[in-house]
Amino acid sequence: MNQPMLWGVGTSDYGLFPERRVESLVWEAAAEAIRDAGISPRDVDAIVVGSVFGPPGVATRVQRGMGIPGVPMWTIENACASSTSAYHEAVEAVRLGRFGCVLVLGVDQMSTLFSGAIVPEATDPEGASSLPLPGLYALQAARYVDEFGVTPEQLAAVAVKNKRNGLDNPRAQLRNSAPTVEEVLASRMIAEPLTFLQCCPTSDGAGAAVVGADRGNRDDLRIEASAMVSGALWDHRSDDVWGHASVTRAAERAFAQAGRTPGEIDVLEVHDAFTIGEILTLEALGLAPRGKGAELAPSGHTTRDGAQPVNPSGGLLSRGHPLGGTGTAQIAEIAWQLRGRAGARQVQRHRVGLVETMGGGAAGMDGNACVVTILSAQ
Amino acid sequence: MSGGTPGTSEAAFGGSGLGVGRPTKRRPGAAVGGLEVADPRPVFDEGAVLGVRCTACRYPAAQRGIPWCPVCYAAVEAERFPAAGTVWSSTVVAIRVGERRPPFGLAYLDLDDGPRVLVHLAEPEVLRSGTRARITGTDRGDLVAAREEQS
């Protein structure tokens, strides 16, 4: 068994770039990651791409421009967790010795697909009933509010925190100003109780990571754990809100593999497509007991200068959420943080970091997939 | 307020959402201009929701045509579930989704001794968890439920 390491990362800018070719977003990210890893394109043994909406064949068109022909390559679609799933496969391939160096790519260009919220999938029982993704998260939030008495202000505090963080991220989509709690709550309702500023924007962007075996480079980050789980039934027997159980399954595996406890994590990037998502994810990761996750942002625990900063990049709420381009962006942020190269966003303690991505939307399942990975600086 | 680029404005949630003229992997369905797809929604028939129940563990599912019980793998048989149940959670959606115009209410309804199903609400109001509701019919193929009057 080889010890998988993160050799390098890169991303494009995140925003709305309908005038750009999808491939160019990926090339920007891949070039930075390959440079960051200090390798040549010819060192890449395999390519794994995470993308939801492609377009079909995008991986090959990306490959054509990079001059990495003939290597094993495949594309993974696991909803929002597509590129962290691609990363997970790269990590496992390196661990098992199948490849020495894998290029992981994640991309989606949403601006040329949807003019607003993602159109529900008509072949899905709930999509056919016009359940939009913000509606699905609103149903989580509403249950959570009823069960634990969480306030609108607690939900809004997550958006305020992440959008403030995003001010210092030059690649974030929303980096011009940060709203107050009052402004978050005053923005127009999308699906009760979630207001507009509690929803991630429509985005384009790409990220890249180079995963390889231990090569004795002190700058490489140790991949202590990577866990990927698919969905399980979410039905009338489920006490937890939708999504919670899938994150819990992935988290338990990741912490066991790393031999760590949640309190040992210095900095996290988690799936905050909607404010309630960050709250529930942090509970599932074990940072707070059930029903107490909503206190983490208002208390300052998860702010950039808090005990455990969460989404210092600005998260999906600020950086943007080009589905397949999200996981690799989360990994890039944690890499920059752990190496102490996050600039104005740098958190104080940065030895151990965690990335969580949960993708969902298929009716009756607690997620399509969830990936949790734990990395550390040497 | 946040954002300064097109599409990050609140108008982002105001459009039809359909990428007109752009074939994608997504199937938006005929209701919003796409091609017809097989209807995957639960069926309401003479006061009951059609589904299946496991012949061994009695697991109920509104999804029909499944190859076996997804919990214990025993055979399933057709079942008619009662239309009444308890609200798990609900929301009022304030954006246009496909042919649905805001506001419209949605809820997860746990049918009595039956599955959890997504329903539209007859009135666009948030029903607290635990509220009793009953499916009264369908609208454009969607199950529609209303709060049950206290007896």
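Modeller: Start with one residue pair: A:Arg222 has A:Ser376 of β11(A) as its bridge partner. Keep in mind that this is a predicted model.

Biologist: What makes β8 and β11 of chain A paired strands?

Modeller: Two strands pair if there are at least two bridges between them. Strand β8 (residues 221-230) and strand β11 (residues 369-376) of chain A are joined by eight bridges, so they pair by that rule. The two strands run antiparallel.

Biologist: Why do β3 and β9 of chain A stand at the edges of the sheet?

Modeller: The sheet is open and has nine strands, in the order β3-β2-β4-β7-β1-β8-β11-β10-β9 (chain A), with mixed pairing. β3 (73-76) and β9 (267-269) each have a single partner strand, so one side of each has no neighbour in the sheet. From one strand to the next, the twist averages 25 degrees.

Biologist: Why is helix α8 of chain A called largely enclosed?

Modeller: A residue counts as buried if 20 or more other C-beta atoms lie within 10 Å of its own. In α8 (residues 275-284) of chain A, 10 of the 10 residues are buried, so the helix is largely enclosed by the rest of the structure. Among them are A:Ile279, A:Leu280 and A:Glu283. The buried residues pack against elements of chain A including α4 (133-148), α7 (244-258) and β10 (352-359). Just after α8(A), A:Gly286 has a positive phi of about 90 degrees.

Biologist: Why is α3(A) called roughly perpendicular to α10(A)?

Modeller: The axes of α3 (residues 82-95) and α10 (residues 326-338) of chain A cross at roughly 65 degrees and come within 5 Å. Angles of 65 to 115 degrees count as roughly perpendicular, so α3(A) is roughly perpendicular to α10(A). The contact involves A:Ser82, A:Ser83, A:Thr84 and A:Tyr87 of α3(A), with A:Thr326, A:Gly327, A:Thr328 and A:Ile331 of α10(A). By class, the residues of this contact are two nonpolar, six polar and no charged.

Biologist: Which chain gives 55 residues to the contact between the chains, and which gives 52?

Modeller: Chain B gives 55 and chain A gives 52. On the side of chain B that touches chain A, β5(B) gives the most, with six residues.

Note on methods: Residues are numbered from 1 along each chain as its sequence is written. Chains are lettered from A and ligands numbered from 1 in the order in which they are written. This is a predicted model: local features need pLDDT of at least 70, side-chain atom pairs count only at pLDDT 80 or more; totals for chains, interfaces and linings use all residues. Axes are lines fitted to C-alpha atoms, for helices over the stretch in contact, and angles run from 0 to 180 degrees between N-to-C directions. Helices (H or I, at least four residues) and strands (E, at least two) are DSSP runs, numbered from the N terminus. Angles under 35 degrees count as roughly parallel, over 145 as roughly antiparallel, 65 to 115 as roughly perpendicular and the rest as oblique. Two residues are in contact if their C-beta atoms, placed from the backbone, lie within 7 Å. Ala, Val, Leu, Ile, Met, Phe, Trp, Tyr, Cys and Pro count as nonpolar, Asp, Glu, Lys and Arg as charged, and the others, Gly among them, as polar. A residue is buried if 20 or more other C-beta atoms lie within 10 Å of its own, exposed if 12 or fewer, and partly exposed in between; C-beta atoms are placed from the backbone.
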